[in-house]
Amino acid sequence: MAPGNKGILQRLNAGEVVIGDGGFVFALEKRGYVKAGPWTPEAAYTHPEAVRQLHREFLRAGSNVMQTFTFYASDDKLENRGQSLKITGAQVNEAACDLAREVANEGDALVAGGVSQTPSYLSCKSETEVKAIFKKQLDVFMKKNVDFMIAEYFEHVEEAEWAVQVLKASGKPVAACMCIGPEGDMHGVSTGECAVRLVKAGAQIVGINCHFDPMTCVKAVKMMKDAVEKAGLKAHYMVQPLAFHTPDCNCQGFIDLPEFPFGLEPRILTRWDMHQYAREAYNVGIRYIGGCCGFEPYHIRAVAEELATERGILPAASEKHGMWGAGLEMHTKPWVRARARRDYWEQLQPASGRPLCPSMSSPEGWGVTKGHADLLQHKEATSSQEMKHVVELQKKAKSS
């Protein structure tokens with residue numbers, strides 16, 4: 001932690017608003033540095049300039065946390081389904097920590113080391129085996145002295161508990177986020193119960209990230225908050241949702257949408273939607289507010305601008321953005337200048353521009369999760385026979 005920087009719990013205990021960053025794997029996939037499918041973060045090692053620049057853009061947009069680009073950076077994920085990387089998880093994690101620290105030191109930001117769900121858990125490996133995977137990542141985070149830990153993107157509360165139990169051994173603050181919605185985890189554990197279990201496991205901050213749109217995630221965190229308080233426990237709350245509208249999603253979230261991952265652009269939230277999200281999150285008592293997949297720096301800037309009064313500061317990136325479109329007053333066309341007002345953007349109903357585009361999709365709800373044979377993982381590349389099998393399953397799911 002940079003000299004003079006307050007820690008994450010100091011900030012939250014003081015009632016400060018902490019702004020998270022956005023979705024690195026989606027942003028860097030669009031920029032050509034991450035492969036969709038494995039979604040692994042080797043770019044931290046192979047293309048550090050790209051990761052460093054994205055960190056800087058989020059910092060300039062108002063982020064207080066530089067989360068290490070270590071999503072899916074465990075060895076079992078780096079070697080899953082035909083990946084032939086000549087890079088170890090330790091190399092990726094170390095490079096990611098160095099980049100996050102370098103940029104965090106350029107502003108008032110903290111570094112969070114992150115771990116996420118593992119292929120080993122989906123393949124029913126033992127608690128000891130899964131915890132050993134988290135421990136390998138934790139060893140790097142301790143070596144690099146990150147400021148706090150985040151266990152994020154967990155579909156099953158059991159695996160999230162295991163991650164928290166490993167991370168809390170560091171003695172550093174631990175945050176834990178499930179990638180679930182109001183329906184609970186993939187084994188039917190309620191959203192509220194997930195939060196209670198995570199707090200009991202040792203997490204001081206609990207919440208939701210990914211899989212669902214901002215308002216759905218805020219609703220889920222509110223359920224967590226209510227359950228934790230009812231249980232007589234204390235915690236801080238965080239939310240880092242998608243930047244996509246997901247009203248048609250089932251309990252699995254956006255990965256069940258037929259548009260995932262290459263056709264989601266029509267669902268993207270505007271910066272004005274983000275103002276509404278930030279205000280709603282703040283009003284329900286969430287003080288760590290950020291983003292996940294689909295969030296670009298301008299989305300985070302909108303969150304920071306909405307909460308500028310509460311934070312007492314505007315982000316540096318607001319130098320190039322008039323509040324509520326005020327910069328349009330300088331536009332050459334009068335009808336565009338007329339849009340330089342808050343009520344215009346708050347009332348806008350954006351069109352897709354696609355004459356035959358439906359308003360919602362039919363999610364592919366296969367209904368399988370950890371413990372099902374179809375989710376067993378392996379190092380070998382997916383075979384043509386396996387592909388034929390999953391295509392047939394897809395046809396069956398659509399027909400039913």
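Predicted model: local features only at pLDDT ≥ 70, side-chain atom pairs only at ≥ 80, totals over all residues.
Helix H12 gives the largest share of the lining of the second largest pocket, 5 residues. Residues are numbered from 1 along each chain as its sequence is written, and side-chain values use heavy atoms, with hydrogens and water left out. Helices (H or I, at least four residues) and strands (E, at least two) are DSSP runs, numbered from the N terminus.

Back to the second largest pocket, which has a volume of about 870 Å³. A pocket is an open set of points on a 1 Å grid over the protein atoms alone, with protein on both sides within 12 Å along at least five of seven lines; a cavity is a set where a 1.4 Å probe fits but cannot get out, and lining residues have an atom within 4 Å of a point. Points are joined across faces, edges and corners, and a volume is the space filled by probe spheres set on them. This pocket is lined by 31 residues, with His245, Pro266, Ile268, Asp273 and Pro350 nearest its centre. H12 and helix H16 (342–347) each supply at least two of the lining residues. By class, the lining divides into 12 nonpolar, 9 polar and 10 charged residues; here Ala, Val, Leu, Ile, Met, Phe, Trp, Tyr, Cys and Pro count as nonpolar, Asp, Glu, Lys and Arg as charged, and the others, Gly among them, as polar.

H12 also takes us to the aromatic rings. Tyr277 and Phe295 form an edge-to-face pair, 6.2 Å centre to centre with 75° between the planes. Rings of Phe, Tyr and Trp (its six-membered ring) pair if their centres lie within 6.5 Å, and planes under 30 degrees apart count as stacked, over 60 as edge-to-face and the rest as tilted. Because Tyr277 lies in H12 and Phe295 in the loop between strand S8 (288–289) and helix H13 (297–306), the pair ties together parts that are 18 residues apart in sequence. Tyr277 is buried, with a relative accessible area of 0%, and Phe295 is buried with a value of 0%; buried means under 20% (1.4 Å probe, protein chains only).

The structure holds 19 aromatic pairs. One of them joins Phe26 and Phe244, tilted at 55° and 6.0 Å centre to centre. Phe26 lies in helix H2 (residues 24–31) and Phe244 in the loop between strand S7 (236–240) and helix H12 (271–283), so parts 218 residues apart in sequence are tied together.

Finally, a search of the whole structure finds 1 cavity of 30 Å³ or more. The largest cavity has a volume of about 230 Å³. Of its 20 lining residues, Gly22, Phe24, Gln67, Phe71 and Glu152 are the closest to the centre. H2, strand S3 (110–115) and strand S4 (148–154) each supply at least two residues of this lining, which has 9 nonpolar, 9 polar and 2 charged residues.

Methods. Buried < 20%, exposed > 50% of the residue type's maximum accessible area, 1.4 Å probe, protein only.
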